[in-house]
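Dear colleague,

I am handing over the structure we spoke about, and below it you will find some notes on what turned up when I went through it. Please keep in mind while reading that the model is a predicted one.

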Amino acid sequence: MSGFGGFVLRRVVGALVTLLALSVIIYVVFYVTPGNVAQITCGPRCSPEQVHQVAQQLKLDDPLYVRYWHFLQGLLAGQDYSTGTSVEHCPAPCLGLSYQSDQQVTDLILGKLPVSFSLVLGAMVIWLLLGVGTGVLSAWRRGRVTERALTAITLAGVATPVFVIGLILMIVICGQLQLLPFPQYVGFTDDPEQWAWNLLLPWLSLALIEAANFARLTRASMLETLAEDHIRTFRAYGVGERSVIARHALRGAFASVISLNAVTFGSAVGGAVLTETLFGLPGIGQELVQAVKVVDLPVVVGMVLVIGFFVVVANAVADVLYAVADRRVVLA
């Protein structure tokens with residue numbers, strides 16, 4: 001198979017291999033560590049009988065490769081867990097059971113994903129519009145007052161923590177001006193209008209930070225493209241500056257923007273911990289923090305696997321999208 005279909009197949013196979021390698025690394029980091037793995041997995045409040053039960057479930061007496069195979073088998077085919085009085089089946093992809101709540105980690109994560117997706121998708125639209133727009137304007141007005149002002153704003157955005165922006169927005173918009181209520185998550189299916197209004201400040205807080213990175217990257221990529229010979233040729237033939245910027249220079253920045261957006265989106269799904277905690281959003285990031293506090297290892301491992309999955313898949317999708325935009329990538 002050759003051409004675009006072969007390129008997509010290679011990216012899919014590469015993503016699967018990366019996910020397999022990621023599962024190995026995560027398993028080794030969390031389950032092949034010095035100390036009492038069963039005690040760490042079960043948590044500090046477990047009784048000796050519960051720790052022994054966890055050790056049997058993890059098959060700690062088996063060789064390492066056998067233990068990893070059981071872990072991988074649970075992800076691909078599901079697994080049975082003994083609760084002491086009964087046997088509970090965990091369907092694939094099985095990420096284990098929370099030893100704090102006795103809830104399947106997969107169900108717990110699926111319950112938190114809509115909140116994290118709501119936050120990241122809305123913020124992504126804003127950071128792309130603001131970031132790419134600011135980067136284009138900054139490159140177009142290079143050397144002028146506008147470019148210097150935008151550069152200063154961009155640097156300030158990169159240097160400012162998200163919780164500072166979030167607090168300022170809540171104090172000014174919700175407290176002093178009272179334009180919006182203090183954010184309280186409402187499900188989209190319950191009330192779409194309130195869902196959007198309550199997520200507006202979290203969207204802005206997360207987007208303003210990420211937009212600064214996209215603005216810097218877009219500006220740098222466009223300035224590099226504008227310095228190339230074919231751009232000077234277009235200008236020499238009398239092509240308008242707006243046409244040069246929109247049709248040629250901006251296209252040169254697409255690859256970098258697509259790649260950065262993939263990494264940012266994948267990591268933000270579970271990595272927007274500060275934003276979710278600040279605004280009280282019950283998403284994956286906040287759940288990961290709670291799991292770390294109570295040393296609920298199955299939940300931590302499941303969350304890290306899911307975050308890694310989104311990063312890998314987002315990068316694979318970004319490669320395919322860039323190949324659609326520029327078929328020369330397929331031939332490379």
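Helix α7, which covers residues 162–176, packs with helix α8, residues 192–226, at an angle of about 140°, and their axes lie 9 Å apart. Angles over 145 degrees would count as roughly antiparallel, and α7 and α8 are therefore oblique to each other. The crossing in which α7 passes α8 is right-handed. On the α7 side the contact is made by V162, I165, G166, L169, M170, I173 and C174, which meet L201, L204, S205, L206, L208 and I209 of α8. Sorted by class, the residues of this contact between α7 and α8 are eleven nonpolar and two polar, with no charged ones.

Helix α8 also crosses helix α5 (residues 105–140), at roughly 35°, and the axes of these two helices come within 5 Å. This crossing of α5 and α8 is right-handed, and the residues of their contact comprise 23 nonpolar, seven polar and two charged.

At least two residues of the lining come from each of α1 (3–31), α4 (64–77), α5 and α13 (297–325), and α1 gives the most, with five residues. The lining of this pocket has 16 nonpolar and two polar residues, and no charged ones.

With best wishes

Conventions: Residues are numbered from 1 along each chain as its sequence is written. This is a predicted model: local features need pLDDT of at least 70, side-chain atom pairs count only at pLDDT 80 or more; totals for chains, interfaces and linings use all residues. Side-chain values use heavy atoms; hydrogens and water are left out. Axes are lines fitted to C-alpha atoms, for helices over the stretch in contact, and angles run from 0 to 180 degrees between N-to-C directions. Helices (H or I, at least four residues) and strands (E, at least two) are DSSP runs, numbered from the N terminus. Angles under 35 degrees count as roughly parallel, over 145 as roughly antiparallel, 65 to 115 as roughly perpendicular and the rest as oblique. A crossing is left-handed if the near helix is turned anticlockwise from the far one by less than a right angle, and right-handed if clockwise. Contact means heavy atoms within 4.5 Å. Ala, Val, Leu, Ile, Met, Phe, Trp, Tyr, Cys and Pro count as nonpolar, Asp, Glu, Lys and Arg as charged, and the others, Gly among them, as polar.
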